[in-house]
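Subject: Structure for your review

Hello,

Here is the structure for you to take over. My notes on it follow below.

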Amino acid sequence: MNKTLAHEQVFNSAFETGLRALCTLSAGWPHEFDVQQLLAFDHIIVHSSDMPGGPISLHPQVQQRNGELLVRRPLIQKGLALMEAKRLVSTRVSNAQILYVSTDLAPVFLDSLANPYLQKLIERADWAVSTFGELGPDAFFNVFNAAFDRWSTEFQISDVSLGRA
């Protein structure tokens, strides 16, 4: 096996989380999202069946999925930096926060990929953004944190809120 490939992690890597963020931003274009919103969307997209009326989840329903929020934020930030370096995402600073938006290259790039997982990912991102993207940050986090409270109770995991509520 190629020595480089043996040491690279693709699943839940900066590349994969950046690709999920890119799908979210592309689905939400021309809207801008901050890292907290993208973190919540990432969780919703991967565990979509946790949400009312959501499609089948892309990843298994493991009990410790709440803890993913604690480790995924830096991965999303690295993934966004990677997508920005490739000019698929652009940033704007507003009110002491960084906002992200997809560029014109994002749909071209995503359309060039034909992987079945990616097609499901794009479908979940479209669903998540159309369902939750217009709620506004406060309502969005109220919905997400209510679902998170349900997961915490269900799996007896201590509560970690995304804030804003």
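The chain exposes about 8,800 Å², and carbon and sulfur atoms supply 57% of that area. Please keep in mind throughout that this is a predicted model. Of the 165 residues, 42% count as buried. Taking contacts between residues at least 6 apart in sequence, 65% join residues at least 24 apart.

The secondary structure consists of seven helices and two strands. Read from the N terminus, the order of elements is α-α-α-α-β-β-α-α-α.

Helix pair α2 and α6

Helix α2 covers residues 14-28 and helix α6 covers residues 116-132. Their axes come within 8 Å and cross at roughly 45°. The crossing of the two helices is right-handed.

On the α2 side, the residues in contact are Glu16, Leu19, Arg20, Cys23, Thr24, Ala27 and Gly28. They meet Tyr117, Leu118, Leu121, Ile122, Ala125, Asp126 and Val129 of α6. By class, this contact has nine nonpolar, two polar and three charged residues.

A cis peptide bond joins tryptophan 29 and proline 30, with omega at about 15°. Proline 30 sits in the loop that runs between α2 and α3, the latter being residues 35-46.

Glutamine 77 belongs to helix α4, residues 68-85. Its relative accessibility is 35%, so glutamine 77 counts as partly exposed; the class lies between the limits of 20% and 50%. The C-alpha atom of glutamine 77 is separated by 7.9 Å from that of alanine 14, although the two residues are 63 apart along the chain.

Arginine 87 is located in the loop between α4 and β1 (89-94). Arginine 87 is not a glycine, yet has a positive phi of about 65°. With a relative accessible area of 63%, arginine 87 is exposed, the cut-off being over 50%.

The loop between the strands

Alanine 96 lies in the loop between β1 and β2 (97-102). Here too the residue is not a glycine, and phi for alanine 96 is positive at about 60°. The relative accessibility of alanine 96 is 83%, so alanine 96 counts as exposed.

Regards

Definitions and conventions: Residues are numbered from 1 along each chain as its sequence is written. This is a predicted model: local features need pLDDT of at least 70, side-chain atom pairs count only at pLDDT 80 or more; totals for chains, interfaces and linings use all residues. Side-chain values use heavy atoms; hydrogens and water are left out. Axes are lines fitted to C-alpha atoms, for helices over the stretch in contact, and angles run from 0 to 180 degrees between N-to-C directions. Helices (H or I, at least four residues) and strands (E, at least two) are DSSP runs, numbered from the N terminus. A crossing is left-handed if the near helix is turned anticlockwise from the far one by less than a right angle, and right-handed if clockwise. Contact means heavy atoms within 4.5 Å. Ala, Val, Leu, Ile, Met, Phe, Trp, Tyr, Cys and Pro count as nonpolar, Asp, Glu, Lys and Arg as charged, and the others, Gly among them, as polar. Buried means under 20% relative accessible area, exposed over 50%, partly exposed in between (1.4 Å probe, protein chains only). Accessible areas come from the Shrake-Rupley method with a 1.4 Å probe; for residues, only the protein chains shown count as cover.
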